[in-house]
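Work through the exercises below with the structure open. Try each task before reading its solution.

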Amino acid sequence: KLGASSGDYLIYVVQHWEMNDGENDKNRTIQAYTNAQMAELYVNEKSSGTKMVNKLGWAEWNEVVYSPGSIRAVAMMSSGGKIVAETTVATSGDPVALILSVDVPSNDTGTGTALVLNGQDAGLVKAAVIDANGRVVHSASDRVTFSIKSGPGKIIGVGNGDPSCSQPNKVTYRDAYHGLARVVVQVTEDRATPL
């Protein structure tokens, strides 16, 4: 979980906390977005300092040295004040599974988990590479191959959010980027339109 809220306050850490394959630089820049006045960052429960939140709503720590474990960001209204929100980002383990989730924007169903059988509706299916604790493995770049196992549907595209990806979009596979890949599925039958 990258972000957390408590009452009227929230805090969100943008970065993951793991090393990518072949990465040598252990120094990180960490940003935490919050609507509180101050934020403090902890690396493996050792403070990396308290920062005032800028007028755009975020605090930044530079040259944070990566060490496996976790980073925790806390939001406060004043220095040494009461914590109003906090979030923790942990280093993931080895990839063990894929978790699929559906995001189906539709005027008929709203964002949900089902497609309308009208021969036209389409939805995004997200594939997340996860570890044994259910955390996304952000360093994973495994190839994910998609297929329709049952029901009236077809794959019309794939993606992963990587702006430098040169893989084709009209195929059934995509290498994960930051542990994620997506497929666009379209309904091929019309069972919703009255005859």
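**Exercise 1. The cores**

How many residues has the largest nonpolar core, and which residues have the most contacts inside it?

Solution. The model is a predicted one. Start with the count: the largest nonpolar core has 20 residues. Trp17 and Ile71 have the most contacts inside it. Next, find the contributing elements. Strands E2 (9-13), E3 (27-34) and E6 (58-65) each give two or more residues to this core, and so do E4, E7 and E8. Now take isoleucine 71 and list its contacts, leaving out residues up to four places away in sequence. As general background, nonpolar side chains in soluble globular proteins tend to be buried together.

**Exercise 2. The sheet with E4 and E7**

Solution. Now zoom in on one pair. Strand E4 (residues 38-43) and strand E7 (residues 70-76) pair over 6 bridges, in the antiparallel sense. Tyrosine 42 stands opposite arginine 72 in E7.

**Exercise 3. A threonine in E3**

Is threonine 34 buried or exposed? Trace its side-chain contacts with the backbone.

Solution. Threonine 34 is found in strand E3. Its relative accessible area is 6%. Buried means under 20%, so threonine 34 is buried. Now follow the side chain. It reaches the backbone oxygen of leucine 10 at 2.6 Å. It also reaches the backbone nitrogen of alanine 36 at 3.1 Å. Then widen the view, not counting residues up to four places away in sequence. Threonine 34 touches Leu10, Ile11, Ala39, Val53, Gly57 and Ala75.

**Exercise 4. Aromatic pairs**

How many aromatic pairs does the structure hold? Classify them by geometry.

Solution. The structure holds 2 aromatic pairs. Take tryptophan 17 and tyrosine 66: 5.0 Å centre to centre, with 55 degrees between the planes. This pair is tilted. Tryptophan 17 lies in the loop between E2 and E3, and tyrosine 66 in the loop between E6 and E7, 49 residues apart. Tryptophan 17 and tyrosine 66 are both buried. Turn to tyrosine 33 and tryptophan 58. Their ring centres are 6.2 Å apart and their planes stand at 40 degrees, so this pair is tilted too. Tyrosine 33 sits in strand E3 and tryptophan 58 in strand E6, 25 residues apart. Tyrosine 33, at 35% relative accessibility, counts as partly exposed. Tryptophan 58 is partly exposed, with a relative accessible area of 22%.

**Exercise 5. The sheet with E9 and E10**

Solution. Write the order: E9-E10-E14-E12, with antiparallel pairing. The edge strands are E9 (97-103) and E12 (153-159), each pairing on one side only. Neighbouring strands are turned by 25 degrees against each other on average, direction ignored. Then count bridges: 7 join E9 to strand E10 (residues 122-130). Alanine 97 stands opposite isoleucine 130 in E10.

Conventions:
Residues are numbered from 1 along each chain as its sequence is written. This is a predicted model: local features need pLDDT of at least 70, side-chain atom pairs count only at pLDDT 80 or more; totals for chains, interfaces and linings use all residues. Side-chain values use heavy atoms; hydrogens and water are left out. Two strands pair if DSSP finds at least two bridges between them. Helices (H or I, at least four residues) and strands (E, at least two) are DSSP runs, numbered from the N terminus. A nonpolar core is a set of buried Ala, Val, Leu, Ile, Met, Phe, Trp, Tyr and Cys residues joined through side-chain atoms within 4.5 Å. Buried means under 20% relative accessible area, exposed over 50%, partly exposed in between (1.4 Å probe, protein chains only). Contact means heavy atoms within 4.5 Å. A polar contact is a pair of N or O atoms within 3.5 Å; within protein, one must be able to donate a hydrogen and the other to accept it, and residues adjacent in sequence count only if both atoms are side-chain atoms. Rings of Phe, Tyr and Trp (its six-membered ring) pair if their centres lie within 6.5 Å; planes under 30 degrees apart count as stacked, over 60 as edge-to-face and the rest as tilted. Axes are lines fitted to C-alpha atoms, for helices over the stretch in contact, and angles run from 0 to 180 degrees between N-to-C directions.
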